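Subject: A structure to look at, with notes on what was found

Dear colleague,

I am handing over the structure below, and I would be glad if you could look through it before reading on. My notes follow it.

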Amino acid sequence: RVKASEYDRHVYVKNFYAKDEWQEINIPLRLMEPQFRGRRLRMDNFNSNFIMEIGILIGNKVEEEFLLKIDNIKLQ
């Protein structure tokens, strides 16, 4: 999830699935789609050069223990 502005109420999202091992995940920003409270919005996909906030949401609707290790985040 990313936000381009602190004033935006919507976020841009791209789903991905993490394995139980180290992996590299590439998410092109232009593929991130706008959502508000889980609902898709009829807006353009993310195309800004400014990112205010980055977040990761665990969204499998299962209450369980998990561990997420992040080595680094790069923007290209």
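A residue is called exposed here when its relative accessible area is over 50%, buried when that area is under 20%, and partly exposed in between. With a relative accessible area of 56%, A18 therefore counts as exposed. Please keep in mind throughout that this is a predicted model.

First, the overall picture. The protein has 5 strands and 0 helices, and so the order of its elements from the N terminus on is simply β-β-β-β-β. Taken along the principal axes, the box filled by the C-alpha atoms is roughly 35 × 30 × 20 Å. The protein has 76 residues, of which 13% are buried, and its exposed surface comes to about 7400 Å², with 46% of that supplied by carbon and sulfur atoms. Among the contacts in the protein with a separation of 6 or more, 46% are accounted for by residues 24 or more positions apart.

Which residues form the largest nonpolar core? This core has 5 residues, namely V2, A4, Y12, M32 and F46. As a general point, nonpolar side chains in soluble globular proteins tend to be buried together.

The open space deserves a paragraph of its own. Rolling a probe the size of a water molecule over the atoms shows where empty space is left. The largest pocket has a volume of about 2100 Å³, and of the 49 residues that line this pocket, F16, I25, I27, I56 and L68 are the closest to its centre. The elements that give two or more residues to the lining are strand 2 (11-13) and strand 3, and the largest share, 3 residues, comes from strand 3. Sorted by class, the lining of the largest pocket holds 24 nonpolar, 15 charged and 10 polar residues.

R37, although not a glycine, has a positive phi of about 50°; R37 lies in the loop between strand 3 (33-36) and strand 4 (39-40), and R37 counts as exposed because its relative accessibility is 71%. K61, likewise a residue other than glycine, has a positive phi near 60°. The place of K61 is in the segment after strand 5 (53-54), and with 85% relative accessibility K61 also counts as exposed.

Finally, some places along the chain and the distances that go with them. How far apart are the C-alpha atoms of A18 and L68, which are 50 residues apart along the chain? They are separated by 9.1 Å, and L68 is one of the residues closest to the centre of the largest pocket. D8 lies in the loop between strand 1 (2-3) and strand 2, and because its relative accessible area is 22%, D8 is partly exposed. D8 and I58 are 50 residues apart in sequence, and from C-alpha to C-alpha they are 21 Å apart in space. G59 has its place in the segment after strand 5 and is exposed, with a relative accessible area of 62%. Between G59 and Q23, which are 36 residues apart in sequence, the distance in space is 19 Å from C-alpha to C-alpha.

With kind regards

Technical notes
Residues are numbered from 1 along each chain as its sequence is written. This is a predicted model: local features need pLDDT of at least 70, side-chain atom pairs count only at pLDDT 80 or more; totals for chains, interfaces and linings use all residues. Side-chain values use heavy atoms; hydrogens and water are left out. Helices (H or I, at least four residues) and strands (E, at least two) are DSSP runs, numbered from the N terminus. Buried means under 20% relative accessible area, exposed over 50%, partly exposed in between (1.4 Å probe, protein chains only). On a 1 Å grid over the protein atoms alone, a cavity is a set of points where a 1.4 Å probe fits but cannot get out, and a pocket is an open set with protein on both sides within 12 Å along at least five of seven lines; lining residues have an atom within 4 Å of a point. Grid points are joined across faces, edges and corners, and a volume is the space filled by probe spheres set on the points. Ala, Val, Leu, Ile, Met, Phe, Trp, Tyr, Cys and Pro count as nonpolar, Asp, Glu, Lys and Arg as charged, and the others, Gly among them, as polar. A nonpolar core is a set of buried Ala, Val, Leu, Ile, Met, Phe, Trp, Tyr and Cys residues joined through side-chain atoms within 4.5 Å. Contact means heavy atoms within 4.5 Å. Accessible areas come from the Shrake-Rupley method with a 1.4 Å probe; for residues, only the protein chains shown count as cover.
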